[in-house]
Amino acid sequence: MKKYTLGLLAVALAVFASAFTVEPKKDTNLSDLYWFDPGNTIQSISSVDVATQTDEEMNVCPGSGRLCKEGYTSVTDLGNGNYQANGSKVSIFKH
Amino acid sequence: MLLKKKYISSKLTIMAGYSKWDTLLQLIAAVFIFLFVYTAVSKFLDFKSFKLTLHASPLITNKNVWVAWAIPLAELIVAALLFIPRTRLLGLYGSFGLLALFTLYLGYMLLFTPNRPCVCGGVIKAMSWGQHLVFNCFLTLLSVMGIHIQKRIGKKAMATVIT
């Protein structure tokens with residue numbers, strides 16, 4: 001039994017730690033998000049409603065790599081038409 | 001009588017050495033058990049997001065569903081192998097294999113991919129890609145150390161049985 005003590009302790013700690021550090025993401029209403037190009041956290045907010053795009057349209061949307069659009073839950077108005085992304089981020093990927 | 005005393009003292013020395021290395025090995029195994037169970041459970045708890053992130057990875061894309069199942073399951077299997085003393089060496093080889101694979105993946109992503117979605121579990125997500133690479137290299141070396149210690153203990157145990 002002594003041989004298993006450390007292992008059992010490690011398993012218990014791991015389950016305990018994961019239960020307190022992982023927050024499952026809630027379903028976000030995509031139409032409530034503010035859309036930015038990938039990698040940009042300051043820009044004028046995109047007028048494109050990614051949530052209503054079809055899969056086919058998603059294939060042609062801009063952005064290098066595979067990220068297509070990034071939605072943020074809140075923004076700060078910086079004036080001169082630019083906005084700073086705030087809040088949690090939801091990424092929409094190309095299919 | 002003297003011979004018997006000498007035999008007992010040499011056997012005790014072997015046992016003391018064995019115990020020290022065995023404790024260190026148990027600690028290494030516990031570190032890996034913690035790491036693999038923690039990351040596997042974290043992935044399962046946030047499975048939907050994990051699957052989506054894998055889909056965004058240029059090396060995985062459409063294979064994301066089975067990779068999303070395979071990674072945490074492999075981590076749990078390796079943790080179980082490390083938990084049982086008889087299969088610990090196999091578990092250490094498994095740890096080395098998984099960590100080497102993750103490290104290669106990290107290296108590839110750092111070198112060739114501009115948009116890098118993090119597919120790690122739990123608080124490890126908070127690390128930068130560079131930090132993650134260093135962390136993985138350290139753990140890979142730790143698994144190599146574990147393999148050496150396990151082999152050393154195995155040899156000592158054999159020597160004790162033979163004498």
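**Exercise 1. Find what share of the residues of chain A count as buried, and describe the chain's layout.**

Step 1. Buried means under 20% relative accessible area, with a 1.4 Å probe and protein chains only. By that cut-off, 28% of the 95 residues of chain A are buried.

Step 2. A quick word on the ground rules: this is a predicted model, in which local features need pLDDT of at least 70, side-chain atom pairs count only at pLDDT 80 or more, and totals for chains, interfaces and linings use all residues. Residues are numbered from 1 along each chain as its sequence is written, chains are lettered from A and ligands numbered from 1 in the order in which they are written, and side-chain values use heavy atoms, leaving out hydrogens and water.

Step 3. Now list the elements, taking helices (H or I, at least four residues) and strands (E, at least two) as DSSP runs numbered from the N terminus. Chain A has two helices and four strands, in the order α-β-β-α-β-β.

**Exercise 2. Describe how helices H3 and H4 of chain B pack.**

Step 1. The axes of H3(B) (residues 64–83) and H4(B) (residues 88–112) come within 7 Å and cross at roughly 150 degrees. Angles over 145 degrees count as roughly antiparallel, so H3(B) is roughly antiparallel to H4(B).

Step 2. Look at who touches whom. On the H3(B) side the residues include Ile71(B), Val78(B) and Leu82(B), and on the H4(B) side they include Leu90(B), Leu98(B) and Phe102(B). The residues of this contact divide into ten nonpolar, three polar and two charged; Ala, Val, Leu, Ile, Met, Phe, Trp, Tyr, Cys and Pro count as nonpolar, Asp, Glu, Lys and Arg as charged, and the others as polar.

**Exercise 3. Decide whether Lys48(B) is buried or exposed.**

Step 1. Locate Lys48(B) in helix H2 (residues 47–56) of chain B.

Step 2. Exposed means over 50% relative accessible area. Lys48(B) has 57% relative accessibility, so Lys48(B) counts as exposed.

Definitions and conventions
Axes fitted to C-alpha atoms, helices over the stretch in contact; angles between N-to-C directions. Parallel < 35°, antiparallel > 145°, perpendicular 65-115°, else oblique. Contact = heavy atoms within 4.5 Å.
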